[in-house]
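Please look at the sequence and the model shown here, and then read on for a short report about pairs of charged side chains.

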Amino acid sequence: MDTTSHNFSWQSWTFGEHSSSVLRDVAIIDENNIWVVGEIYQYDSLGQLDPTAYNVVHWDGIEWKFYRIMFYTICGQQSRTPYPASAIFAFNESEVWIGMDGRQIARINGIIQVETICPPFSMIINKIWGTSSNDLYIVGYNGNIAYYNGSSWQKVESGTDVDVQDIWGIANKPLEPLILCAASNVLEPGDHTILSININNKIDTIGWKSDRRINSTWFKGDSKLFACGAGVFIRNDGINWEEQTKLPLTYTRRIRGTDNNDVFVAGDFGFVAHYNGSSWKEYPGANVALFYSLDYKNEIMVAVGERNGKGVVLIMQRE
């Protein structure tokens with residue numbers, strides 16, 4: 001496979017005018033439609049501290065706009081609160097799913113919130129992935145994984161009690177999609193494992209370095225897998241993970257790509273790097289931040305996180 005260009009230009013923004021703001025996740029629909037979720041505290045129109053945080057920031061190609069997605073204050077009751085958001089996944093502009101920093105998930109169409117759902121069990125949502133709004137997974141703390149078929153929820157027994165940090169999959173086979181989850185506590189001891197979900201929502205594991213924390217996986221097909229956490233790794237032969245030793249041993253939070261020769265990874269201390277199928281390139285001047293997540297699509301990479309109590313967005317575009 002040919003290599004891809006490492007040449008990217010970038011710009012960044014910070015959000016949050018008081019208190020402590022943070023951005024947790026991002027979804028790219030196109031270059032003029034980017035959604036970022038988290039907790040952002042701004043001043044109101046009179047310049048006074050607004051105690052109610054925004055939980056969504058949207059880029060329309062010209063400017064960033066702030067929104068409050070409303071979740072039930074208590075599931076089953078009518079009152080609503082813009083709780084901090086922790087995860088987002090977009091199928092298209094009319095099917096965007098946002099997970100609360102708790103057990104609720106909302107769907108928006110354009111900029112209109114059309115649905116709010118409370119799964120029938122307790123969990124804190126870390127990440128969302130699916131093939132459609134009728135085929136959706138959420139993962140979170142304490143080994144929690146759940147599946148939504150468009151009308152009902154199913155608890156998926158993960159076999160672990162550590163935090164499931166990420167989920168990624170591909171519908172590469174008509175009857176057997178490939179879905180992998182990264183499960184590892186960030187600070188506390190516990191299992192470090194990659195979980196595999198089959199078509200019947202049964203869990204298996206694939207080989208991983210049990211002494212290394214894992215935060216994220218990405219792949220386009222089952223012949224090559226990428227993973228990151230306590231380091232960055234590539235599995236080419238279906239068995240062995242090759243650590244990318246030319247990269248610094250930095251704690252990495254998310255890895256995403258468009259093909260096996262076009263992959264981004266981001267993490268602590270502003271670490272951002274691109275793999276072109278042959279070599280890695282770091283971008284130390286892009287931004288000094290703690291990056292929690294990223295998305296990469298149509299030669300645009302967006303990483304989000306925090307720095308000094310403010311939310312940070314970094315957009316990189318191939319030149």
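Is Glu243 buried, partly exposed or exposed? Glu243 has a relative accessible area of 26% and is partly exposed, where buried means under 20% relative accessible area, exposed over 50%, and partly exposed in between (1.4 Å probe, protein chains only). This is a predicted model, in which local features need pLDDT of at least 70 and side-chain atom pairs count only at pLDDT 80 or more, while totals for chains, interfaces and linings use all residues. Residues are numbered from 1 along each chain as its sequence is written, and side-chain values use heavy atoms, with hydrogens and water left out.

Side chains of opposite charge can pair when their charged atoms come close. A search of the whole structure finds 13 salt bridges, a salt bridge being a side-chain nitrogen of Lys or Arg within 4 Å of a carboxyl oxygen of Asp or Glu. The table lists some of them, including the one made by Glu243.

| Asp60 | Lys65 | 3.8 Å |

For the pair of Asp60 and Lys65, Asp60 is partly exposed at 26%, and Lys65 is partly exposed at 34%. Asp60 and Lys65 also belong, together with Glu63, to a network of linked salt bridges.
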